[in-house]
Amino acid sequence: MLHEECGVFGIYSTQPAPLSGKVYLGLFALQHRGQESCGIVVNSNGSFKSCKDLGLVSDVFNSEKLEALGNGSMAVGHVRYGTTGANIRANVQPIEVHRLNGNLAVAHNGNLTNSTQLRKQLELQGSIFHSTSDTETIAYLLTKERLTCTNIESAISSTMEKIQGAYSLVIMTGDKLCAVRDPKGYRPLCYGKIWDAATSSTQYIIASETCALDVIGAEFVRDIEPGEIVVFSEEGVKSITTHCKKTKKSLCVFEYIYFARPDSIIDGVSVHSSRVKAGKILAKETPVEADVVIGVPDSGLDAALGYSQESGIPYGIGFVKNKYIGRTFINPGQAERANKVKIKLNPIAETVKGKRVILIDDSIVRGTTSGHIVQLVREAGATEVHVRISSPPFVAPCYYGTDVPDCQHLIACNHSLEEIAKEIGADTLAYLSMEGALSLGADDGLCCACFGK
C-alpha cells in the first residue's frame with residue numbers, strides 16, 4: 001500500500017467570519033491524503049490561534065475546539081502522512097513561525113530533495129529547528145528572505161530559487177494568504193470561491209483537490225499553474241508567474257492512479273475517468289479469457305469498470321471493505337498482522353466462486369499484500385485468478401513525497417514478470433504499459449520516475 005504526503009487547505013475571507021468549520025470539512029474531504037496528523041490555524045487581525053494534534057480529523061477536532069478558534073479573515077489547514085520526518089507532534093502542520101515583523105503559517109504537500117543541505121546551512125546561521133519536517137525548512141527560509149524582501153510574495157519567489165523538489169504550499173501571513181506550486185507541478189493545487197451570505201463576504205478557497213471545494217459548496221475557479229504564486233489580500237487576487245514554464249510539467253501520475261479521490265478533477269482531467277481509461281487500456285493491451293472482472297477497493301474499482309467495459313466481461317463486486325480500518329489499526333502480534341488483509345477486505349464468494357477472475361489493482365510494491373488478496377479470492381472459490389495492474393512496475397524509489405521504497409524492497413526490481421506472478425499466486429500477471437500511464441493525464445507531462453521514465 002502506497003501513501004502520499006499531505007493535503008492542504010486555506011481560506012481567505014473579505015470579511016471576518018467563523019472559518020474553522022469550513023476548514024474542518026475541507027480537511028475531512030482530504031483525509032485520504034494523510035491520516036497521521038492534522039491541524040488548523042486561524043488568523044484574526046494578525047493574531048494566530050491553532051489546534052493541531054496526531055490523529056484523524058474527526059479525532060482531533062470537536063465543536064468546542066473549532067469554536068475556540070474564533071472568527072478570522074484567513075485560515076490554513078493540513079492533513080499529514082509523513083515521508084520526511086517522524087510521526088511526532090512537533091511535525092504536525094501547519095508549521096507556525098512567530099517573527100519580529102509578523103506571524104507566518106505554512107502548510108506543505110510534497111517533499112524537498114535538498115532539504116538536508118538547506119537545513120544544515122540554516123542551522124549554521126543560527127536557526128533552531130523544533131521538528132524533523134522539511135516544511136520547517138521552508139518556513140525558516142521564508143522568514144530569512146522576508147528580512148530583505150519588500151513583501152511576502154518576493155520572499156516566496158526568492159525561496160523558490162533555493163528549494164528543489166515537490167511542493168504545493170499554502171502560506172499565511174498577518175494580511176495575506178498565498179498559494180504556491182513548484183515549477184514542475186508535482187502535486188496538485190487549485191482554488192475556488194464562495195459567497196458567504198451570512199457575512200456578505202467572498203471567500204477564496206485553496207485546496208489540494210477539487211473534492212474539498214465541493215464539500216463546502218465552493219465554485220472551482222482554476223488550478224494553480226506549476227511555478228505560480230497566487231496572493232489573496234485586501235487588494236484582491238494577484239497572480240505571479242515568474243517561475244512558470246521554466247521546465248516541463250511533471251504532475252505525479254499516481255494522483256490519477258491512486259492518491260486523489262475519484263470525484264476530483266486535477267489539471268482539467270477527471271480522476272475517475274482517468275482510472276476507467278487505465279482499465280480500458282489494460283483490456284486492450286493484456287486481454288485474457290475470464291468470467292468476471294473485480295477490483296480491489298478503492299482505486300482498483302474504477303479501473304476494473306473500464307476493463308469490463310472494454311473487454312465485455314461482466315463487472316462484479318468482489319470485496320466488501322471494512323470502512324472503519326485506517327492507518328491507525330493496531331496489529332497485536334505477528335500472527336494477527338497476517339490477518340490484516342482479511343480484516344480489511346472480505347471477498348464475496350457469490351461473485352467469484354467457480355469462475356475465472358480478472359483481479360484489478362492499482363500497484364504492486366513488495367508483493368506481500370497482493371499475495372494475500374489473490375489467496376482470498378482463491379479461498380472464495382475462484383478457479384483462476386488473472387491479476388492486472390493499472391500502473392507500470394515500480395523500478396525506482398520516489399523522492400518527491402510518495403513512500404515508494406528503495407529497489408531492494410521493490411519486487412519488480414528483483415523478479416521477472418513470471419516470478420512475480422508465481423510469488424503472488426496469480427495464474428497470469430500484466431501491468432499497464434508506460435505509454436498507457438503517460439496518457440492518463442493532460443498532454444503536457446506526468447512524472448513517471450518511479451517507473452523508470
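Reader: How many aromatic pairs does a search of the whole structure find?

Author: A pair of aromatic rings is described by the distance of the centres and the angle of the planes. Rings of Phe, Tyr and Trp (its six-membered ring) pair if their centres lie within 6.5 Å; planes under 30 degrees apart count as stacked, over 60 as edge-to-face and the rest as tilted. Searching the whole structure gives eleven aromatic pairs. One is tilted, Tyr24 with Phe28, at 6.1 Å centre to centre and 35° between the planes. Tyr258 and Phe259 are edge-to-face, at 5.5 Å and 70°. Phe254, Tyr258, Phe259, Phe394 and Phe451 make up one aromatic cluster.

This is a predicted model, where local features need pLDDT of at least 70, side-chain atom pairs count only at pLDDT 80 or more, and totals for chains, interfaces and linings use all residues. Residues are numbered from 1 along each chain as its sequence is written, and side-chain values use heavy atoms, with hydrogens and water left out.

Reader: Is Tyr258 buried or exposed?

Author: Buried means under 20% relative accessible area, exposed over 50%, partly exposed in between (1.4 Å probe, protein chains only). Tyr258 and Phe259 are both buried. Phe28 has 47% relative accessibility, so it counts as partly exposed.

Reader: Why is helix H6 largely enclosed by the rest of the structure?

Author: Helices (H or I, at least four residues) and strands (E, at least two) are DSSP runs, numbered from the N terminus. H6 spans residues 152-160, and it is largely enclosed because seven of its nine residues are buried. Among them are Ile152, Ala155 and Met160. The cover over these buried residues includes helix H5 (134-146) and strand S6 (102-112).

Conventions:
Contact means heavy atoms within 4.5 Å.
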